[in-house]
Amino acid sequence: MSNKTKNGHGVQEEIHNKNPAEKSWLAYILIHYRWVFVCFFLLPLSLVYDIYHLARSWVIFKLNSAPKKHDERVKFVQQQVREWNQQGRSTPMCTARPGWQTISFRQPKYKKTLFNVKVNLIDVLEIDTEKKTVRVEPLVSMGQLSATLNPLGWTIPILPEMDDLTVGGLIMGTGIETSSHKHGLFQHICVSYELVMADGSAVKCSKEENSDLYYAIPWSYGTLGFLTAVEIEIIPALQFVRLEYQSVSSLDEACRVFQEQTLKDENNQFVEGLMFSLNRGVIMTANMVNSAEPGKLNVISRWYKPWFFKHVESFWGQEPHVEYIPTRDYFHRHSRSIFWEIQDIIPFGNHPVFRYLFGWMVPPKVSLLKLTQGETVKELYENNHFIQDMLVPMTTLKDALLCFEKEVKIYPVWLCPFKLPMAPGMLRSPSGKQEMYVDIGTYGVPKVNNFHPVETTRRVESFVRSVNGFQMLYADSYMTEAEFHSMFDHTLYNQMRKKYDCDKAFPRVYGKVSRAARD
Ligand SMILES: Cc1cc2nc3c(=O)[nH]c(=O)nc-3n(C[C@H](O)[C@H](O)[C@H](O)COP(=O)(O)OP(=O)(O)OC[C@H]3O[C@@H](n4cnc5c(N)ncnc54)[C@H](O)[C@@H]3O)c2cc1C
Ligand SMILES: NC(=O)C1=CN([C@@H]2O[C@H](COP(=O)(O)OP(=O)(O)OC[C@H]3O[C@@H](n4cnc5c(N)ncnc54)[C@H](OP(=O)(O)O)[C@@H]3O)[C@@H](O)[C@H]2O)C=CC1
Ligand SMILES: CC(C)=CCC[C@@H](C)[C@H]1CC[C@@]2(C)C3=C(CC[C@]12C)[C@@]1(C)CC[C@H](O)C(C)(C)[C@@H]1CC3
């Protein structure tokens with residue numbers, strides 16, 4: 001925490017020097033004492049919100065009312081789209097989900113001007129253990145899905161970390177987790193999509209049926225149609241995860257061990273790396289198991305447990321260490337500390353006194369943080385924070401880490417390998433074959449002197465394009481439209497836009513994800 005706190009204060013002083021408007025006492029309090037508001041207002045509110053939501057979905061599930069209501073809800077989406085057609089297709093459409101509720105870093109500006117279609121589809125519809133699929137509506141969240149499936153002994157093969165990520169957002173955008181080196185991205189575990197198209201018709205697509213549409217949907221950001229249901233693969237979930245921590249002490253060793261564990265060892269169900277500096281890291285490999293060795297169980301979700309990334313750091317410089325963690329706790333291991341972002345929000349959040357007294361209320365909900373951040377905090381993040389996930393070929397990992405060190409020097413760095421199968425769509429494998437990639441996640445305050453939010457990001461984007469990588473688009477993207485087109489293959493997307501008459505119906509992807517489209 002010391003690094004961050006030190007750095008955080010440095011940044012705060014810098015802001016005060018730079019921006020006279022923020023010298024007001026209110027700005028001072030908002031920046032330095034955000035934790036007061038978060039601890040005494042947002043945490044209890046988050047708790048009430050979560051309890052209400054869980055209770056609601058529990059009741060709905062027990063009453064088994066969601067499947068019966070589903071058709072009605074889809075008809076309502078169709079009805080709105082037909083009305084839009086009748087009104088002369090004057091402004092393009094988007095979903096009516098308010099921007100503050102989404103996980104993406106910014107608020108989407110376009111929601112204010114486009115025709116908003118309500119797609120309130122929030123329930124788990126059906127678990128088919130014979131076919132090994134779960135059918136869900138698009139607003140089902142990852143926390144809801146793991147709470148539903150795990151007690152029944154199932155899980156989806158890729159369960160992206162943050163509780164509030166939704167199935168719809170993860171498909172229309174993308175989703176990744178530490179099992180992605182085996183299963184690919186979130187889209188690759190989806191069996192079929194049901195959509196309402198621009199003309200109001202309902203269409204189903206899968207590898208067998210309307211396969212062109214099926215491959216075009218991922219990364220289309222809701223610009224081909226509205227998703228209404230998805231069938232996702234499920235696999236058996238064992239009770240625990242056996243997690244092995246391996247310390248690495250140089251960049252070369254980190255890249256070598258991480259690649260070996262990803263590429264060579266077919267047995268690792270989960271692979272993750274955390275770099276605490278360019279030469280200091282811990283590589284974690286894990287497998288689901290049904291029993292834990294005595295004395296080695298660590299229930300990391302208990303309220304008094306330290307932040308997971310701090311726990312991981314404690315293994316640096318040690319011999320390899322084995323621990324058993326309940327499976328659902330593993331899936332949500334970085335949730336309580338919002339990866340490491342919580343350090344900037346509640347700086348003393350990892351102190352034992354805080355954990356014992358308030359630990360059961362964390363984390364504050366990202367949506368509520370977003371809703372209440374105000375202009376001052378927004379500007380603070382705008383100018384002094386860097387949040388990016390870059391997906392680069394595994395062979396370029398070392399160069400990529402050097403690039404991030406030079407441009408931002410933010411640690412920890414999150415490393416997550418994933419398989420990029422050869423398939424049509426936005427992501428093109430450069431070799432034309434299946435390739436292994438790695439997601440490099442950097443979230444925090446840059447420690448270099450020449451950080452500039454736009455120029456630095458553009459330099460990193462340029463590096464990523466040069467190695468045939470991709471940028472995750474939930475954060476800021478400063479690429480020009482031409483650069484964006486050179487990163488993402490729009491061939492199939494353009495065909496589908498034409499085939500399903502999308503031009504007047506939806507903006508193009510770039511129009512939704514570029515920095516200019518977000519506030
Ligand atoms: C402050 C706070 C922080 C939290 N942080 C996290 C976190 O970091 N990570 C996290 O994952 N959770 C978090 N939660 C949620 C918490 O873990 C829930 O209390 C938990 O999900 C409840 O689990 P349960 O096993 O009691 O499930 P239940 O209460 O029984 O059910 C939960 C959900 O499962 C569904 N369900 C139940 N049975 C079935 C079935 N047979 N088939 C299909 N669906 C079914 C219900 O519809 C409901 O949506 C947090 C909650 C709070 C209040
Ligand atoms: N571990 C991981 O994989 C992580 C992933 N992320 C990213 O977060 C984002 C997901 O956040 P989330 O809050 O769930 O989603 P959002 O509400 O931000 O939605 C993301 C996009 O998907 C579109 N979309 C969502 N639902 C539908 C639907 N039913 N029909 C049509 N379009 C839809 C939205 O369209 P519209 O604009 O019209 O609302 C929007 O463009 C993704 O971009 C993901 O990559 C972030 C953190 C971690
Ligand atoms: C691929 C993976 C694992 C991505 C993880 C990304 C997370 C670290 C991101 C997703 C949403 C995210 C950008 C967010 C924030 C931090 C980093 C997050 C949590 C915060 C909470 C930082 C504080 C800000 O004031 C604000 C509340 C707007 C955002 C909200 C989104």
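**Exercise 1. How much space lies in the largest cavity, and which residues line it closest to its centre?**

Solution. The model is a predicted one.

Step 1. Count the cavities: the structure holds four of 30 Å³ or more.

Step 2. Take the largest cavity, in which about 80 Å³ of space lies.

Step 3. List its lining. The largest cavity is lined by 13 residues, and the closest to its centre are His-385, Phe-386, Ile-387, Thr-457 and Asp-476.

Step 4. Assign the lining to elements. At least two residues of it come from each of α15 (374–384), β14 and α17. The largest share, three residues, is supplied by β14.

Step 5. Sort the lining by class: seven residues are nonpolar, three polar and three charged.

**Exercise 2. Find the order of the strands in the sheet of eight strands, and explain what is particular about β13 and β17.**

Solution. 

Step 1. Read the order across the open sheet: β13-β10-β12-β11-β15-β16-β14-β17, with antiparallel pairing.

Step 2. Look at the two ends of that order. β13 (321–326) and β17 (470–471) are the edge strands, and each has a single partner strand, so one side of each lacks a neighbour in the sheet.

Step 3. Strand β14 (residues 386–393) and β17 run antiparallel and are joined by two bridges. Within this pair, Leu-391 has Phe-470 of β17 as its bridge partner.

**Exercise 3. Describe how α16 packs with α17, and name the residues that make the contact.**

Solution. 

Step 1. Apply it. Between α16 and helix α17 (residues 453–466) the angle is about 170°, and the axes lie 11 Å apart.

Step 2. Name the arrangement. An angle over 145 degrees counts as roughly antiparallel, and therefore α16 is roughly antiparallel to α17.

Step 3. List the contact. From α16 come Asp-399, Ala-400, Cys-403, Phe-404 and Glu-407, while α17 contributes Thr-456, Arg-459, Val-460 and Phe-463.

Step 4. Sort these residues by class: the contact of α16 with α17 has five nonpolar, one polar and three charged residues.

**Exercise 4. Work out the layout of the sheet of five strands, and state where a positive phi is found in the hairpin of β3 and β4.**

Solution. 

Step 1. Give the order. This open sheet runs β3-β4-β8-β6-β7, and its pairing is antiparallel.

Step 2. Identify the edges. These are β3 (124–128) and β7 (202–206); each has a single partner strand, so one side of each is without a neighbour in the sheet.

Step 3. State the turn between strands. On average, neighbouring strands of this sheet are turned by 15° against each other, direction ignored.

Step 4. Follow the pairs. β3 and β4 run antiparallel, joined by four bridges, and Val-124 stands opposite Val-136 in β4. Strand β4 (residues 133–136) also pairs with strand β8 (residues 226–233) in the antiparallel sense over four bridges. Here Val-134 has Ile-232 of β8 as its bridge partner.

Step 5. Place the helix. Helix α5 (residues 142–149) packs on the sheet and touches β3 and β4, its direction making about 40° with that of β3.

Step 6. Finish with the hairpin. Four residues lie between the strands β3 and β4, and Lys-132 takes a positive phi near 60°.

Notes: Residues are numbered from 1 along each chain as its sequence is written. Chains are lettered from A and ligands numbered from 1 in the order in which they are written. This is a predicted model: local features need pLDDT of at least 70, side-chain atom pairs count only at pLDDT 80 or more; totals for chains, interfaces and linings use all residues. Side-chain values use heavy atoms; hydrogens and water are left out. Two strands pair if DSSP finds at least two bridges between them. Axes are lines fitted to C-alpha atoms, for helices over the stretch in contact, and angles run from 0 to 180 degrees between N-to-C directions. Angles under 35 degrees count as roughly parallel, over 145 as roughly antiparallel, 65 to 115 as roughly perpendicular and the rest as oblique. Contact means heavy atoms within 4.5 Å. Ala, Val, Leu, Ile, Met, Phe, Trp, Tyr, Cys and Pro count as nonpolar, Asp, Glu, Lys and Arg as charged, and the others, Gly among them, as polar. On a 1 Å grid over the protein atoms alone, a cavity is a set of points where a 1.4 Å probe fits but cannot get out, and a pocket is an open set with protein on both sides within 12 Å along at least five of seven lines; lining residues have an atom within 4 Å of a point. Grid points are joined across faces, edges and corners, and a volume is the space filled by probe spheres set on the points.
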